[in-house]
Amino acid sequence: EGEENEGEENTEVNPPIDIYTPNDPTPLTLSDPNLSLKYNVYPTPQSIPSKIPTVFSKFISDSAEFNLLAYHTRLGDSSITITPWSSHKREINFTCKTGSPIGPEKSRAVKSQTITIHPNGFKVTTETRLLDVPNGDAFYVTECFCVIEDGDDKIFILDGFEVNFVKSTMFKSIIERKTKEETRKWVKNYVDYWRECL
């Protein structure tokens, strides 16, 4: 009997995120201060006909049909591993093309994600590091992907990001310019993927 109760307790600590259950009671707004990062992917929020529980189930939950494993595979990335959500955090490891004229053609990458689930939407904050590119240890990218329901069978998507430098490098301006281009391209393609799959 004691063993059964112990097993039940462990299950309750970090249950898989399969059902849309808010962990922050504060409603999201289109002017959320946490989205005030240095750069925006879109000048205005993107609108998609859908509902929050639908997109959460299809793209974000641990059992999502169109999850990041499917999307990274579609992009041609390899060695993809994604941990289940635990305490609203997870990690994605993969190898991707760098698209850089200098350095290796491919690089290992790590994305560390934290999700905040609100009554009317959710926010995924991602820190991305490229491990094999020149000066890869000098910077990482913070991105905030926010999805808000407007109550009329429609969601809004906002995305802000910034490049964080943790070491000085003479290539800072080049890294920032290239990262801005690649991040905007990645997010726009990902949102198009949502549109296609809904």
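1. In α2, the residues Val55, Lys58, Phe59 and Ile60 meet Tyr190, Tyr193, Trp194 and Cys197 of α4. Sorted by class, this contact has seven nonpolar residues, one charged residue and no polar ones. The model is a predicted one.

2. Two packed helices are described by the angle between their axes and the distance between the axes. For α2 and α4 the angle is about 110°, and the axes are 11 Å apart. Angles of 65 to 115 degrees count as roughly perpendicular, and α2 and α4 are therefore roughly perpendicular to each other. The crossing of α2 past α4 is right-handed.

3. Helix α2 covers residues 52-60, and Ile52, Val55, Phe56, Phe59 and Ile60 are buried in it. Viewed down the axis of α2, these buried residues fall within an arc of 105°, so they line one face of the helix. An α-helix has 3.6 residues a turn, so residues three or four places apart point the same way.

4. Besides α4 (172-197), the buried residues of α2 pack against strands β4 (89-97), β5 (106-118), β6 (121-130), β7 (139-149) and β8 (155-165).

5. Is Glu105 buried or exposed? Its relative accessibility is 69%, and exposed means over 50%, so Glu105 counts as exposed. Glu105 sits in the loop between β4 and β5.

6. Leaving aside residues up to four places away in sequence, Glu105 touches Cys96, Lys97, Thr98 and Gly99. From Glu105 to Val133 the C-alpha to C-alpha distance is 8.9 Å, with the two residues 28 residues apart in sequence.

Key:
Residues numbered from 1 in each chain as written. Predicted model: local features only at pLDDT ≥ 70, side-chain atom pairs only at ≥ 80, totals over all residues. Heavy atoms only, no water. Buried < 20%, exposed > 50% of the residue type's maximum accessible area, 1.4 Å probe, protein only. Helix = DSSP H or I, 4+ residues; strand = E, 2+ residues; numbered from the N terminus. Arc of directions from axis to C-beta. Contact = heavy atoms within 4.5 Å. Axes fitted to C-alpha atoms, helices over the stretch in contact; angles between N-to-C directions. Parallel < 35°, antiparallel > 145°, perpendicular 65-115°, else oblique. Left-handed = near helix turned anticlockwise from the far one by under 90°. Nonpolar A, V, L, I, M, F, W, Y, C, P; charged D, E, K, R; others polar.
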